[in-house]
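The sequence and the structure are shown below.

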Amino acid sequence: MSKIEVGRNSKATENNYIYGSPKYTAPEALKNRFQTMTMCPFEAHVYSFAMICSKILSKKDPFHDVCDIKRILERIEKDERPKLPSNCDDLIKLIKECWRLNPLHRPKFASICERLDILKCKFLVGMNVPNAPYFGVSKNNYYQNEEFLQTPKKFPMVDLCNEEIFGRIQCLSQIKQQCANKVKALCLVGMGGIGKTTIAKTILADVIDMYDASCFVECIENGVDCFTTSCNILEQFKVKLKPNDIKEAHRMLKSFLIENKTILVFENVKNQSQIGDVVLMEDIFASNGSTLVATTRDSKVIEHCGEEVCIINIEELDEETSMKLFITHFCGQENLPNELVEVGEKIVRACNGLPLSLKVMGAFLRENKRLRCWKRAL
Ligand SMILES: Nc1ncnc2c1ncn2[C@@H]1O[C@H](COP(=O)(O)OP(=O)(O)OP(=O)(O)O)[C@@H](O)[C@H]1O
Ligand SMILES: [Mg+2]
């Protein structure tokens, strides 16, 4: 990825008009140059995303045989695009939609993420994807694929939070206390990027010793059926027997919950059935000391669970913590250079305590340490 040199076009610093690498830049941005790039339209990013995917899949820069922006534009307008290995129809279809000439005909990132989630899920669990993607030239090099074929229905392991977590001391100790008090259900609610997943993973790592067993389930809309998810949970509980249908899965989960104090984390819940269809709520609540943790952007999704649920609103980070997070991702040091302090504070304030924005802005501005770029980023 580092070889793509996005954001490092030497001409950008000289004449202030093209940012990023032209081969990865959307045609409308190449045409309108400075103006479009300062507007930062998402459609242009979608195009660049497709070009980066093509680089990863084919290992070649798009339009690698031309350097001139005019020639690149001509080719794009003639509907020429990089060649993609034909090994995953769904992924190729998505990439082709993303690099359409008309920005309005490109999918939105929300829908791209959802489709990638479904693809990832199908791919990782070894469901019936006839041509799962591989990277590079030869399928034989892609050992992972073979591995997944041999172990169908194996879900990705949970990557427990290794990143440093900023702030949240009170919130984390409140949740830990709730777990110690045998709370039945906790619901972490907050807007996208506020840190629900980060907190859920940190908590899981922190309290895991209080429980006999744990599971971590990512809820994917229209992605995986409830039987497959129930099987996945049983697998995470290390239950060797495989159920034949959803009823049997419910029975097995029920008896597991009776015998074991368990913590079940359901991530990104969009409706209650994503939990209730997989493992019956009453079985969780009836068990002795088990805890359900759900993360969601919308507290309404589990409001029918009644008083058993303790709702925890995840708030924005305070200004001091925000600044620390921003600086860490900007330069890894404690302070900003003097000339950037004032504008840095404004940028941090504009991020409204949202960790995702702070991380992205910090990392983005790492490549642009000039005061002018920072002012423009505001
Ligand atoms: N307290 C924190 N300290 C450092 N980084 C954080 C913190 N909270 C969140 N982040 C980072 O911010 C990004 C977004 O966080 P996270 O994925 O947890 O948000 P979310 O609320 O789950 O979002 P979504 O609703 O989209 O799932 C992640 O990269 C995470 O590492
Ligand atoms: Mg999340």
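## Helix packing and a buried glutamine

In this predicted model, helix H4 (residues 42-58) packs against helix H6 (residues 89-98) at an angle of about 140 degrees, the two axes being 8 Å apart. H4 is therefore oblique to H6, since only angles over 145 degrees count as roughly antiparallel. The crossing of H4 past H6 is left-handed. On the H4 side, the contact involves Val46, Tyr47, Phe49, Ala50, Cys53 and Leu57, which meet Leu91, Ile92, Ile95 and Cys98 of H6. By class, this contact comprises 10 nonpolar residues, with no polar and no charged ones.

A second pair is formed by helix H15 (residues 319-330) and helix H16 (residues 341-350), whose axes come within 10 Å and cross at roughly 110 degrees. H15 and H16 are therefore roughly perpendicular to each other. From H15, the contact draws on Glu319, Ser322, Met323 and Phe326; from H16, on Gly344, Glu345, Ile347, Val348 and Arg349. These residues divide into four nonpolar, two polar and three charged.

The two pairs are set out below.

| Helix pair | Axis angle | Axis separation |
|---|---|---|
| H4 and H6 | about 140 degrees | 8 Å apart |
| H15 and H16 | roughly 110 degrees | within 10 Å |

Gln274 belongs to helix H13 (residues 273-276). Gln274 counts as buried because its relative accessibility is 15%, and the limit for burial is under 20%. A polar atom of the Gln274 side chain lies 2.6 Å from the backbone nitrogen of Lys270. Beyond its neighbours within four places in sequence, Gln274 is in contact with Cys219, Ile220, Glu221, Phe266, Asn268 and Val269.

Technical notes:
Residues are numbered from 1 along each chain as its sequence is written. Chains are lettered from A and ligands numbered from 1 in the order in which they are written. This is a predicted model: local features need pLDDT of at least 70, side-chain atom pairs count only at pLDDT 80 or more; totals for chains, interfaces and linings use all residues. Side-chain values use heavy atoms; hydrogens and water are left out. Axes are lines fitted to C-alpha atoms, for helices over the stretch in contact, and angles run from 0 to 180 degrees between N-to-C directions. Helices (H or I, at least four residues) and strands (E, at least two) are DSSP runs, numbered from the N terminus. Angles under 35 degrees count as roughly parallel, over 145 as roughly antiparallel, 65 to 115 as roughly perpendicular and the rest as oblique. Contact means heavy atoms within 4.5 Å. Ala, Val, Leu, Ile, Met, Phe, Trp, Tyr, Cys and Pro count as nonpolar, Asp, Glu, Lys and Arg as charged, and the others, Gly among them, as polar. Buried means under 20% relative accessible area, exposed over 50%, partly exposed in between (1.4 Å probe, protein chains only). A polar contact is a pair of N or O atoms within 3.5 Å; within protein, one must be able to donate a hydrogen and the other to accept it, and residues adjacent in sequence count only if both atoms are side-chain atoms. A crossing is left-handed if the near helix is turned anticlockwise from the far one by less than a right angle, and right-handed if clockwise.
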